[in-house]
Amino acid sequence: MSEHVYKKLELVGSSKDSIEDAVRNAVAAAGKTVDNVEWFEVKETRGHVENGQVAHFQVVVKVGFRVD
């Protein structure tokens, strides 16, 4: 097994539909500007409420990428 070094970015993803989509949105956004994204961890889950209804799901995600 090779030895690797990783760096973590903290992002907040959001979605009107689900927590899972919020995670996917954060990881996809990271992948547009950062190479070697390999994993994520969910740190917080919360949401935005409007008129007594859930309007958005928000997820704090740490995304790990391998440093070359």
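What you see is a predicted model, where local features need pLDDT of at least 70 and side-chain atom pairs count only at pLDDT 80 or more, while totals for chains, interfaces and linings use all residues. Residues are numbered from 1 along each chain as its sequence is written, and side-chain values use heavy atoms, with hydrogens and water left out.

Now for the names. Helices (H or I, at least four residues) and strands (E, at least two) are DSSP runs, numbered from the N terminus. Two strands count as paired if DSSP finds at least two bridges between them.

So how are the strands arranged? There are 3 strands in an open sheet, their order is β1-β3-β2, and the pairing is antiparallel. β1 and β2 stand at the edges with a single partner strand each, so each has one side left without a neighbour in the sheet. From one strand to the next, the twist averages 15°; for that, axes are lines fitted to C-alpha atoms, for helices over the stretch in contact, and angles run from 0 to 180 degrees between N-to-C directions.

Let's walk through the pairs. β2 and β3 pair in the antiparallel sense over 12 bridges. Besides the pair I opened with, V42 stands opposite V61 in β3, and H48 stands opposite H56 in β3. On to β1 and β3: they also pair in the antiparallel sense, over 11 bridges. There, L9 has V63 as its bridge partner in β3. A handy rule while you look at the sheet: in a regular strand the side chains alternate between the two faces.

Next, the turn. The hairpin of β2 and β3 has 2 residues between the strands, and N51 takes a positive phi near 55° there. N51 is not a glycine. Is N51 buried or exposed? It is exposed, with a relative accessible area of 82%. (Buried means under 20% relative accessible area, exposed over 50%, and partly exposed in between, with a 1.4 Å probe and protein chains only.) N36 is another residue other than glycine with a positive phi, near 65°. You'll find N36 in the loop between α1 and β2, and at 24% relative accessibility it counts as partly exposed.

α1 covers residues 19–33, which makes 15 residues, and it reaches 22 Å from first C-alpha to last, close to the 21 Å expected at 1.5 Å a residue. That expected span is 1.5 Å times one less than the number of residues. Which residues of α1 are buried? They are A22, V23, A26 and A30. Looking down the axis of α1, these buried residues fall within an arc of 100°, so they line one face of the helix. The arc is taken from the directions from the helix axis to the C-beta atoms. As a general point, an α-helix has 3.6 residues a turn, so residues three or four places apart point the same way.

And what covers those buried residues of α1? The cover includes β1 (5–15), β2 (37–50) and β3 (53–67). Over on the other side of α1, R24 and K32 are exposed.

Last stop: N25 and S15. N25 is found in helix α1 and is partly exposed, at 40% relative accessibility. Leaving out residues up to four places away in sequence, N25 touches S14 and S15, where contact means heavy atoms within 4.5 Å. A polar atom of the N25 side chain lies 2.8 Å from the backbone oxygen of S14.

S15 lies in strand β1 and is buried, with a relative accessible area of 6%. Its side chain reaches the backbone nitrogen of D17 at 2.9 Å, and the S15 side chain reaches the backbone nitrogen of S18 at 3.4 Å. These are polar contacts: pairs of N or O atoms within 3.5 Å where, within protein, one must be able to donate a hydrogen and the other to accept it, and residues adjacent in sequence count only if both atoms are side-chain atoms. Not counting residues up to four places away in sequence, S15 touches D21, A22, N25, H56 and F57. That's my tour, thanks!
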